[in-house]
Amino acid sequence: MADERKLAYVMAFNEAVKQQMEVDSSVFCAGEDIGAFGGVFGTFGGLQAKFGADRVVDTPISEQAIVGLGVGAAVTGLRPIVDLMFMDFICVALDQIVNQAAKLKYMFGGDAVLPLTITTAGGGGLSAAAQHSQSLEALLCHIPGLKVVMPSNPYDMKGLMTACIQENNPTVMIKHKRLLGMTGHVPEESYSIPLGKGNIVRPGKDVTIVAYARMSNEALIAAEELAKDGIDCEIIDPRTLQPLDTDLIISSVKKTNHAVVVHEAVRFGGLGGEIASQIQELAFDYLDAPVTRIGAPFSPVPFSPALEQHYIPDSKTIVQGIRDVMARV
Amino acid sequence: MDLPVHVQLDLHRRMVRIRLFEEAAGRLAESNRLPGFLHLYVGEEAVAAGVCGALNDDDHITSTHRGHGHLVAKGGDFNRMMAELMGKATGYCKGKGGSMHISDTSLGMLGANGIVGAGSPIAVGAAFANRYRGRGQVAVAFFGDGSTNIGAFHEAANMACALHLPIVFACENNEYGEFTPRDKTMAITDIVDRAAGYGMPGVIVDGMDVIAVHEAAVEAVERARSGGGPSLIEAKTYRFYNHHGVQNLGLKYRSDDEVAMWKQRDPIFTLEDRMIENKAATRDQFDAIWAELRAGIEAAIAFADESPYPTPDQITVGVYTSMSGAS
């Protein structure tokens, strides 16, 4: 019998951390408000009570030192999980992420292992405005040495977070704030999803939609709408953005001959540009239309719900984008 | 001088090794045989030697852009160091890091660092891990006076104290942040004044006196090892050469008199004179030590010269562990 237990995305994260802390004493967590308070989104709830203040550590509001704590502890043999409350705050810690965590083992001639997981919460939709809503994954994917993970559902969250903790390279696990309450089937036993393996969320034959995090779910809604018009969408959720499962994307495009890339991040310079480039380099002869990118306009994330709802792409934007692509045939 | 003679000789040996390595690197750089930037430690030897002489082999240190001295003092191998400075495949970092990233994790040396101030948070992490494992190891963050003006230092110092970690902050105050004198960049004279702001003890030592540095380091390391938390040591020192290289593009930012005054306080010769005066050692003994170590540096240069360069297929090797990296 299949385990039909349902769990929220936030608790899937929590359960992955808990299970890895149970089996591996070198795993510890550190970050702002994660101890007694359990994290501002409850992601670390109950962990300090279970594992103690030495393993679930409340830190000062010092993002550079939080990541540095993780780098130093990882390079000397522990398996740290360090939390940056909001993804926007990675900017405060960029030296430790980009110049230290990502490069140490390379600069040391390969003579270092950094089993470090940096967790953070990205994405908009909460009227949290320009400094608490960003999607900065493209910036991280550009840095050799990092792995970047963005789960779109509770099942993937648990499996990917488990993989991040077990990974011997620095990873950035980006939770989406609007998905924290999303529930879905999550097995109780520990399992991992390999980093760098995408997922065919919905098989289809007419157009490939590459979409990750919350946009993957919006693409599903769009696909149901388009199915009424006889457009059969195949949705690829890469799940890990660095390394990217290019093979899965290319094999899908070779079948559907159309591709649309969707992300919540600003369109210009976003990961959609990289994915579109890979598609045209590797599947140019299969394309019946230019690859389209759907993303946010070139502005900071606005505060007012009246603005933000039009800023972040949604199923309607995706439907329109796909209709435009298909109309070009 | 209460230190046993063998300890004094150990500190002397560490300093001479640093001096010889750095002088050799300087000569190679001047004859264009070293690629890239070179930040020499000459003049500051007493700090690395005095502190590392107080550490166990499995204690950790983080370093700075001026990092060769720290690695030598922690036991670094001349051959692999010189090969790395030349960008050779046999170097400590296989030619991927160079002078500014030289490291040996097996010696607990967690890397020179091209980013001013960035080593201190990493030392905090090492200190955290050391306490977590409970094996009694400590961590030392070496840093310059200039880096106490960057946020990373303050975050690291505060977090270390808030978490009461086994760490020593070892400041090499050489009075210049690159080319700018300290009094133009901070309103205090002594870096140690910052220690109180985080709730840790701090002490000023003569950074040209290896015995003084060592005694302060022993006390701070013992405090850390026994659960007494962080401390800060400010060693007043001076770099005999320039911020970068030996001639430093001919830039003039320090007076000849000032440089000459500090050179009269050379940490190695000062120690030798004292030990001879105290009949703890003889000139012949020191001459033999210099000759022995000088032979080692000549051998290292030959080793590095003869070593192969890394091949282009190595560019993407080591970006990820057990993975060749993104295309």
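Domain bounds here come from an automatic or database domain assignment. With that in mind, welcome to the tour. This is a predicted model, in which local features need pLDDT of at least 70, side-chain atom pairs count only at pLDDT 80 or more, and totals for chains, interfaces and linings use all residues. Residues are numbered from 1 along each chain as its sequence is written, while chains are lettered from A and ligands numbered from 1 in the order in which they are written.

Start by selecting chain A. Its C-alpha atoms fill a box of roughly 60 × 45 × 45 Å along the principal axes. Switch to cartoon and you will find 12 helices and 14 strands; these are DSSP runs numbered from the N terminus, helices being H or I with at least four residues and strands E with at least two. Of the 329 residues, 58% count as buried, meaning that 20 or more other C-beta atoms, placed from the backbone, lie within 10 Å of a residue's own.

Next, colour residues 6-185 as domain 1 and 199-327 as domain 2 of chain A. Their centres, taken over C-alpha atoms, are 26 Å apart. The contact between them takes 24 residues from domain 1 and 23 residues from domain 2; two residues are in contact if their C-beta atoms, placed from the backbone, lie within 7 Å.

Now zoom in on the domain 1 side of that contact. Which elements each supply at least two residues there? Select helix H6 (137-141), strand E6 (147-149) and helix H7 (154-166) of chain A.

Methods:
Buried ≥ 20, exposed ≤ 12 C-beta atoms within 10 Å, placed from the backbone.
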